[in-house]
Amino acid sequence: MCGATQGGLSVAGIDVTKEAVIQGRVLRSGQPAGSAYVRLLDATGEFTAEVPTSATGHFRFFAGDGEWTLRTLAPGASVDRVVKATRGSVTEIDIELEAAAKAV
Amino acid sequence: MSRQEVLVDADWVAAHGTDDNVVLIEVDEDTTAYDGGHIAGAIKLDWKKDLQDPIRRDFVNQEQFEKLLSERGVGNDDTVVLYGGNNNWFAAYAYWYFKLYGHEKALLLDGGRKKWELDARELSTETVTRPATSYQASPPNTDIRAFRDEVVAAIGLKSMVDVRSPDEYAGRLLAPAHLPQEQSQRGGHIPTAVNVPWSKAANDDGTFKSDDELKKIYSQAGVDWDGDIIAYCRIGERSAHTWFVLQELLGQKNVKNYDGSWTEYGSLVGVPVAIGDEPGTN
């Protein structure tokens with residue numbers, strides 16, 4: 001999970017030794033979803049941050065050590081994914097909206 | 001104030017956004033968002049370039065605010081409808097400026113840009129220009145703005161609401177988690193301030209919760225409705241959102257936004273700081 005996956009955002013310019021980065025892409029049927037919002041919730045479910053995805057579906061957070069939930073909102077979809085973050089590493093995740101929508 | 005006087009929904013904006021006396025204004029943290037598409041007819045205010053003094057750490061003064069709004073074509077009698085990203089943080093921050101400088105008819109679009117997008121409503125990339133005006137601002141109303149000395153004096157005496165996330169309040173994070181965490185100031189919170197994250201006041205889609213729900217949230221946190229209330233966050237924009245909730249939605253008259261917030265307080269020499277999840281003592 002901690003290795004950079006294909007299409008991952010460049011971490012150039014970020015001191016990753018001091019940050020617990022969570023980043024990835026939001027996809028709809030495998031294609032980047034540019035009009036989605038990703039919310040970062042802490043271990044108690046409390047809101048911590050939110051970003052809109054870029055045109056390429058990318059998002060990034062600077063979290064802390066521990067378990068986090070990514071709640072992705074897009075027109076007609078809401079998906080929760082749990083991730084672990086560690087200071088000094090980059091956690092990469094792809095979030096597929098369609099697969100989750102089918103699972104609901 | 002009541003909800004109907006300060007909030008509009010997307011249907012209202014769709015119906016009245018291009019009326020003669022209505023000015024839609026988008027205010028974002030990511031100032032490129034507007035350029036990628038905005039609500040038809042909306043102009044942009046850049047929260048940093050337009051709303052901050054370029055040299056001193058302060059926001060635009062009365063003359064600068066007058067010049068800005070005159071150039072952008074906002075009139076004193078216009079109904080200003082503000083919206084933006086980040087669940088309206090920066091739109092609420094701009095709304096607070098408009099009130100600080102005495103603008104009468106200001107509204108927020110409930111849910112802001114996010115709700116508009118999640119509802120798959122149209123965005124326009126057309127350039128919007130408005131004819132210049134001669135905007136007259138009132139002297140700043142400091143009844144709604146708190147400064148650091150007042151905040152230090154309020155420890156243990158007045159209700160203070162730290163509206164950052166629990167991890168920022170406790171000192172485990174130094175900034176909202178969409179920003180890098182390296183900061184110059186110390187982590188923690190102002191002793192005796194309670195933590196009610198701004199997000200408690202909003203639904204996932206960015207719209208505000210009902211008045212009853214809101215009242216309950218702050219009451220449970222121990223906010224004293226009969227006394228003065230000071231809200232703060234990191235740089236004053238999330239606390240403008242909570243200021244909007246307390247003063248404009250719930251009608252409290254004694255609420256101040258401490259816009260110096262944690263980036264000022266956490267850098268002060270000699271002031272008390274509490275860390276961890278509890279408010280702490282004075």
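**Exercise 1.** How many residue pairs in polar contact does the rule find across the interface of chain B and chain A?

*Solution.* The structure is a predicted model. Counting pairs in which both residues have pLDDT 80 or more, the rule finds 7 residue pairs in polar contact across this interface. Next, consider which helices of chain B take part. Helix 6 (112–118) and helix 8 (166–170) of chain B each contribute at least two residues to the side that touches chain A. Helix 6 gives the most to that side, namely 4 residues.

**Exercise 2.** Describe the extent of the interface, and determine how many salt bridges cross it.

*Solution.* Begin with the contacts: 23 residues of chain B touch 24 residues of chain A. Then turn to area. The two chains bury about 2000 Å² between them, with 54% of it on carbon and sulfur atoms. In chain B, the residues that lose the most area to chain A are Leu118(B), Ala177(B) and Asp204(B), together 26% of what that side buries. As for salt bridges, the rule finds 4 across the interface. A salt bridge requires a nitrogen-to-oxygen distance within 4 Å. The side chains of Glu46(A) and Lys200(B) meet in a salt bridge at 2.6 Å, N to O.

**Exercise 3.** Which elements make up chain A, and in what order do they run?

*Solution.* First, count the elements: chain A has 1 helix and 8 strands. Second, read them from the N terminus: β-β-β-β-β-β-β-β-α. Third, examine burial: of the 104 residues in chain A, 47% are buried.

Definitions and conventions: Residues are numbered from 1 along each chain as its sequence is written. Chains are lettered from A and ligands numbered from 1 in the order in which they are written. This is a predicted model: local features need pLDDT of at least 70, side-chain atom pairs count only at pLDDT 80 or more; totals for chains, interfaces and linings use all residues. Side-chain values use heavy atoms; hydrogens and water are left out. Contact means heavy atoms within 4.5 Å. Buried area is the accessible area (1.4 Å probe) that two parts lose on being put together, summed over both. A polar contact is a pair of N or O atoms within 3.5 Å; within protein, one must be able to donate a hydrogen and the other to accept it, and residues adjacent in sequence count only if both atoms are side-chain atoms. Buried means under 20% relative accessible area, exposed over 50%, partly exposed in between (1.4 Å probe, protein chains only).
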